[in-house]
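This briefing goes through a few topics in turn, from the division of one chain to the contacts between chains and the setting of a single residue. Please keep the sequence and the structure at hand while reading.

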Amino acid sequence: MIALRIREHALAKRGVSYMLALVWLAVTTLPFLFIIVTSFKSQEESFSSSVWDLPQRIDLSQYESVLHGAFFVYLRNSFFVVGLSVLLIVLLSSMAAYAFARLDFPFGKTLFGLVVAAMIVPIHATLVPIYLLIRNIGLYDTAFALVGPYVAFGLPISIFILTEFMRQIPRELEEAACLDGCGPLKIFWRIYFPLSTPGLATVAIYNAVALWNEFIFAYVLTSTPAHRTLPLAIWDFQGQYTSNVPGMLAVVTMTSLPLIAVYAFGQERVIKGMMAGSLKG
Amino acid sequence: MASISLRNVHKAYQGNSAVVRNVDLDIGASEFCVFLGPSGCGKSTLLRMIAGLEAITAGELSIDGQVVNDVHPSKRRVAMVFQSYALYPHMSVYENIAFGLRQAKLDGLTIDRKVRRAATSLQLDQLLDRKPAALSGGQRQRVAIGRAIVREPGVFLFDEPLSNLDAALRIQTRTEIARLHREFNQASAVYVTHDQTEAMALADKIVLLHAGADMERDGSIAQVGSPLDLYHRPKNRFVAGFIGSPRMNFVKGTVLEANAGGVSLRLASGEVLAASVDGRGLRAGDDATLGIRPEHLAIAGGEATGQIVRAQARLIERFGECTYLHAALADQADAHVVAKLSGDVNVERGRTIALWAPPHACHVFDGDGLALPRLDVAERSA
């Protein structure tokens with residue numbers, strides 16, 4: 001009897017969990033479905049049909065017009081800026097994380113505290129000084145103008161994640177490498193860096209997603225389409241097609257595709273990296 | 001070939017009391033030295049100081065006559081086998097063994113020759129392409145040993161290398177280590193363990209360490225000597241109790257007579273036992289402790305009256321080859337002795353048994369726990 005009641009209770013709990021999961025799935029996927037479906041409608045149909053109606057016929061004209069515009073320039077800029085920034089973030093944060101995790105140096109803990117504290121600095125408070133700085137060093141309206149701030153804002157959380165990750169690598173490996181004749185740099189490069197691959201993947205994907213969508217720095221530090229990134233493309237297309245909702249949503253769809261591909265590929269690694277240290281292995 | 005010398009070596013972590021104190025020790029070239037002791041006695045710390053992985057707070061460490069206190073671990077000509085194996089998980093067995101040689105910038109052909117020779121010696125030939133995760137515990141341990149021997153060091157350091165293996169594999173690997181040391185007998189070896197069986201089986205020299213108040217008073221080393229030295233001539237109660245399994249029995253008594261030819265003790269139960277020790281350090285009426293190993297006790301014949309301890313059998317453990325008899329001394333409910341008897345001995349729980357303790361097998365410890373010199377051990381153990 002008691003066993004039956006426990007089973008009923010467990011089933012009810014599972015049912016509620018599934019319900020909540022379905023609601024959350026709807027909240028996250030329905031807007032995206034709306035974007036994709038609407039992007040295939042003609043402009044007239046988007047006004048005349050209901051929001052959730054499927055298109056009467058697939059209209060690719062919006063995609064054609066987007067692809068004939070400056071979309072690929074924005075895409076190239078995004079790949080360049082995000083790629084370079086993520087590369088620098090991964091390299092610098094892994095080096096810093098190794099130092100914080102394994103090397104003893106004066107004020108190491110204080111410095112690590114300051115790095116972690118930097119996560120709470122609001123981006124908007126830094127906009128004006130960064131804008132002035134970038135102008136003064138002559139990088140305004142170049143792709144490189146974005147790399148500096150992106151790396152700076154990506155480092156604190158990346159260092160935090162990787163430091164925790166590297167602390168879990170057994171110290172004996174470092175000691176064995178030390179006896180084998182490695183100095184700190186070689187120990188980092190030959191042992192800690194390759195062994196941190198899941199953590200590095202987490203950092204790379206997390207930053208790539210955040211920077212791919214970054215708007216405010218791109219808006220403030222660039223001004224011409226030749227140097228702007230994809231989030232500003234949407235902004236530009238919105239101005240160009242004020243009343244063309246399917247056109248705008250075609251841009252949104254195409255902007256999201258690389259991100260979805262990256263996330264679908266690396267989701268497991270991101271979660272694994274984020275969870276590192278939460279459980280004893 | 002490398003000898004090791006430690007002079008007044010001391011280790012304390014910042015703001016804490018010493019973990020290693022006043023260590024004076026010489027380990028000869030090609031000698032197999034085992035650091036033995038209970039948890040927390042500093043044996044691993046001492047090993048790590050020799051390796052260069054821990055700084056020496058005070059004192060001097062020399063390897064082959066050269067003071068190496070400030071020499072980088074890789075320049076000390078030492079190789080270490082870690083308790084956790086410490087294999088690089090992202091490298092193959094071959095790469096793990098070759099790693100140190102690559103750092104030493106040896107040419108590819110020499111590296112290949114050395115790696116394959118070590119692999120053959122350790123029966124790892126078929127596993128060279130595997131990653132450590134695909135190996136069993138014993139195979140991983142062999143790779144760790146291979147990584148050490150391939151560098152042809154002057155000193156091998158082993159930090160509890162068998163503690164992660166099961167009992168059968170432990171004995172097999174222990175034999176393997178002894179064989180390898182004979183094969184590479186130009187190198188000395190320092191081996192850390194808390195298992196006295198391993199220490200007795202492998203060591204040319206055992207360094208028994210103690211902790212706590214004993215360390216504060218006498219330094220970290222309780223006694224240094226060959227395995228049989230520590231077994232037959234323990235310096236004090238701690239050494240006598242630590243070496244030997246089951247541990248030595250200790251029974252309190254009062255000195256009746258003591259001279260250069262022996263000591264007579266009266267136990268609380270009234271029985272009198274003689275011990276062949278030089279009793280010049282004791283006087284009649286002094287408190288002392290009698291020590292007798294379980295394997296030296298035997299069931300006395302019915303008519304025996306002298307040199308016996310009467311005890312009531314409380315627990316009988318039969319192992320086939322031998323029987324452990326746990327017994328409470330008569331009139332001393334809190335005093336127990338263990339006797340290691342033959343496998344088919346006829347004893348029953350609850351019966352009072354007379355156990356015979358031969359004088360030459362008896363140890364005597366004074367009020368401070370120091371052992372009195374034994375008289376006729378050398379002749380009997382020879």
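The domain bounds used here come from an automatic or database domain assignment. The model is a predicted one, and on that assignment chain B is divided into domain 1 (4-235) and domain 2 (246-381).

**Domains of chain B**
- Between the C-alpha centres of domain 1 of chain B and domain 2 of chain B the separation is 38 Å.
- Contacts link five residues of domain 1 of chain B with five residues of domain 2 of chain B, and the side of domain 1 of chain B that touches domain 2 of chain B consists of two nonpolar, one polar and two charged residues.

**Chain A against chain B**
- Across this interface, 13 residues of chain A are in contact with 17 residues of chain B.
- At least two residues each of the side of chain A that touches chain B are supplied by helix 8 (171-179) and helix 9 (184-195) of chain A, with helix 8 of chain A giving the largest share, six residues.
- By residue class, the side of chain A that touches chain B comprises nine nonpolar, one polar and three charged residues.

**The setting of A:Arg102**
- A:Arg102 lies in helix 4 (residues 71-102) of chain A, and this residue counts as partly exposed because it has 17 C-beta neighbours inside 10 Å, whereas a buried residue would need 20 or more.
- Leaving aside residues up to four places away in sequence, A:Arg102 touches A:Met166 and A:Glu174.
- A:Arg102 and A:Phe188, although 86 residues apart in sequence, are 9.8 Å apart in space, taken from C-alpha to C-alpha.

Definitions and conventions
Residues are numbered from 1 along each chain as its sequence is written. Chains are lettered from A and ligands numbered from 1 in the order in which they are written. This is a predicted model: local features need pLDDT of at least 70, side-chain atom pairs count only at pLDDT 80 or more; totals for chains, interfaces and linings use all residues. Two residues are in contact if their C-beta atoms, placed from the backbone, lie within 7 Å. Helices (H or I, at least four residues) and strands (E, at least two) are DSSP runs, numbered from the N terminus. Ala, Val, Leu, Ile, Met, Phe, Trp, Tyr, Cys and Pro count as nonpolar, Asp, Glu, Lys and Arg as charged, and the others, Gly among them, as polar. A residue is buried if 20 or more other C-beta atoms lie within 10 Å of its own, exposed if 12 or fewer, and partly exposed in between; C-beta atoms are placed from the backbone.
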